[in-house]
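Please keep the sequence and the coordinates at hand while reading.

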Amino acid sequence: MNQQQHSADTQPIDEAIVHQAINWHVQIESSESPLSTINACNQWRAQNPDHELAWQRLTRINQTFSNTPTTSTLVKHTLIKTDADYQDVTRRQAIKRVAGSALAVGAVALVAQRQGALEHLQADYASSSNARFHILEDNSELWLNRDSTVEVAFSPLRRDLALTRGEMTLSVAKARSPLHIDMPFGQLKTASSKIFVRRTNNHAIVQVSQGKASLLAKGSKHRLTIEAGKTYRVDAHRVESLNSNTFDYTSWVDGIFSVRNMPMKSFLQELSRYYPGYLKCDSQLDNTLVSGVYQLADMDTILKTIALSAGAKVRYLTRFWATISPN
Amino acid sequence: MASKFDANAGLNKLYQEHHQWLVRWIARRSPNWDCAQDLAQDTFIRLLNRPQVIETIQSPRSWLAKIAGNLLVDQARRQLLEKNYLAMLATLPEAEQPSCEEQWLVFSLLTQIDKLLNGLRPIEKQAFLMARLDGLSYRVIATELSVSLSSVEKYVAKAMLACYKASYPQE
C-alpha cells in the first residue's frame, strides 16, 4: 500500500544515508531530553537533499502506525500471535524434515486454514472446505467431512486405516481380512459395517449404523462390541455410551444437519464445524432446546430458523461472527 | 512498439505452455482448487507488469513456481492474520466492539503492518510495536522486555529499516 501511496517518490537513496536517517530517528526517540539531538539532526537534514528525503520517508512510514485507532493492543496482539503461529509451522516443518520449500508453502497454507499442517501433508485422503467422497482400493466407501484426513495402509493380509483429523463415515467392504481403524484412545476392528468416527484433541466418538465393530480402548484388555445403532465416546479415562437420539452424527454425508431436543449451546458447537467463524448464543439461551432438519449449505437460514423458534434473533457482528440473543 | 509486441507474444507462449502445469503445481500445495486457478492467474499478471523480464527467463517453470510460491505464502499468512484477528475481536466485551467499517479498516492496517515487518525476529517486532503502537519510551520497553536500552535502539532501527525496504524496494 505504501508503494502505491508514494509511487511518485521512487528515487533510490544510498543505503548508508537511510541508515543514518534511521539512526537520527532512534537517537531522538531514545533520548529523554532530545533538544540538542534534534538540532544536530536538523543540520544533517539540511546538508543534502537525499538526507531530507530519507528523513521524510521514514516520518511517513511512522505515521502508518500512529493512524492506528484505539484498538492498538488488539493490533499488537494479533500481529504477535500470527508471528508465533507462523514460527510454529516453520519449526514443526524443520523437525519433521519434510523436504523442500514447496511443501513448506503448502503446509503454511493449510495451517492457516485450521492448524492441521502435518495431518494434511501425510494424509492419503484429505478434505478441506467441503466434505469429500472416495472409494478405497478394497472398495470400501469413505466420506470425509470437511477439514478431515485419513491415512491408509492396505496389503493382502491386513487393512489398516487411521483417522488423523476430523470426521469420517466409512462403509467397510467385506474382504479376507478385517479392517483396523486407529483413532485416539483406541482401535476399532470390523469385518463389515457402516461406521462413523470423530476425533478431537481429547476424545473420540464412534457410532455404528450397520453391522458391528469391536473397540479396544487404550489401556484396556477387553474388547467392547459395538452393535448397530450404538454410539460411544472414548477419552483417556473411560468409554461411555452416548444417547444418539439428540444428534445425527452422520447426516452431513447428505448435506443435512439433523437434531432433536439439543441444548442450543451444544447445537451451535456442532454447527460451528461448518461455519468459518464464530457462532455464539447469549448464555440465557444455552439450555434452550433446539430441533429440526436443516440444509447445511444454507447457514443463514439455519441460524434464522433456530433464533425464531427460540424467540430470539441473529445478529451479525461481521460476516464471520454471528450471535443469537433474546429479542 | 516492437519490443512490447514481442513481450506480449512471449507472454502468450509462456501462458499456453505452462498455465495448466502451474495450476496443477499450485493445486498440489494449496487447500482448494478454486484458489489454484486464481493464484495462477495472479502469477501471470505479475509477469504482465514486467514484460522486460520475460525474455530473460531461462527456466520458465522454476521461475513461475517461485512467484506462485511467494503468493501462496502471502495468502496463507493473510488468512492466519484474519483468523487471529477475529479470535482477538471475539474476546472483546460487546461494548468495545468496533463497528464493521472500523473492523475492516483495522484489518487492512494489520495486513499493511504485517507486510512492513515481515522477516523480523519476534523480539524486534515486539519492541518496535511497543514503541509505535503503545507509545512507550525506550527505557520502559527495555524494562518490560528485560533487555538493555541499546538493544531496544537496535531492534527499533532494524524494524525501521525493514519498513523502509518494504515501502521503497530497490530493484
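From the N terminus on, the elements of chain B run α-α-α-α-α-α-α-α, which amounts to 8 helices and 0 strands. Helices (H or I, at least four residues) and strands (E, at least two) are DSSP runs, numbered from the N terminus. Chain A, in turn, has 9 helices and 18 strands.

The conventions are as follows. This is a predicted model, in which local features need pLDDT of at least 70 and side-chain atom pairs count only at pLDDT 80 or more, while totals for chains, interfaces and linings use all residues. Residues are numbered from 1 along each chain as its sequence is written, chains are lettered from A and ligands numbered from 1 in the order in which they are written, and side-chain values use heavy atoms, with hydrogens and water left out.

Burial and surface can be given for each chain. A residue is buried under 20% relative accessible area, exposed over 50% and partly exposed in between (1.4 Å probe, protein chains only). Of the 171 residues in chain B, 48% are buried; for the 327 residues of chain A, the share is 47%. Accessible areas come from the Shrake-Rupley method with a 1.4 Å probe, and for residues only the protein chains shown count as cover. Chain B has an accessible surface of about 9,300 Å², with 53% belonging to carbon and sulfur atoms. Chain A exposes about 16,600 Å², and carbon and sulfur atoms supply 49% of that area.

Among contacts with a separation of 6 or more, residues 24 or more positions apart account for 57% in chain B and for 44% in chain A.

Within chain B, helix α6 (residues 122-132) is largely enclosed by the rest of the structure, because 8 of its 11 residues are buried. The buried residues of α6(B) are E124(B), K125(B), A127(B), F128(B), L129(B), M130(B), A131(B) and R132(B).

In chain A, helix α2 (residues 15-30) and helix α4 (residues 49-66) have axes that come within 9 Å and cross at roughly 55°. α2(A) is therefore oblique to α4(A). Angles under 35 degrees count as roughly parallel, over 145 as roughly antiparallel, 65 to 115 as roughly perpendicular and the rest as oblique. The axes are lines fitted to C-alpha atoms, for helices over the stretch in contact, and angles run from 0 to 180 degrees between N-to-C directions. On the side of α2(A), the contact includes I17(A), W24(A) and I28(A), and on the side of α4(A) it includes A54(A), W55(A) and L58(A).

S251(A) belongs to the loop between β13 (239-242) and β14 (256-263) of chain A. At a relative accessible area of 7%, S251(A) is buried, and it touches I256(A), F257(A) and S258(A), not counting residues up to four places away in sequence.

Most residues other than glycine have a negative phi. N139(A), although not a glycine, has a positive phi of about 75°. This residue is found in the loop between β2 (132-135) and β3 (141-144) of chain A and counts as exposed at 58% relative accessibility. In chain B, S146(B) has a positive phi near 50°. S146(B) lies in the loop between α7 (138-145) and α8 (149-167) and is exposed, with a relative accessible area of 64%.

Methods. Contact = heavy atoms within 4.5 Å.
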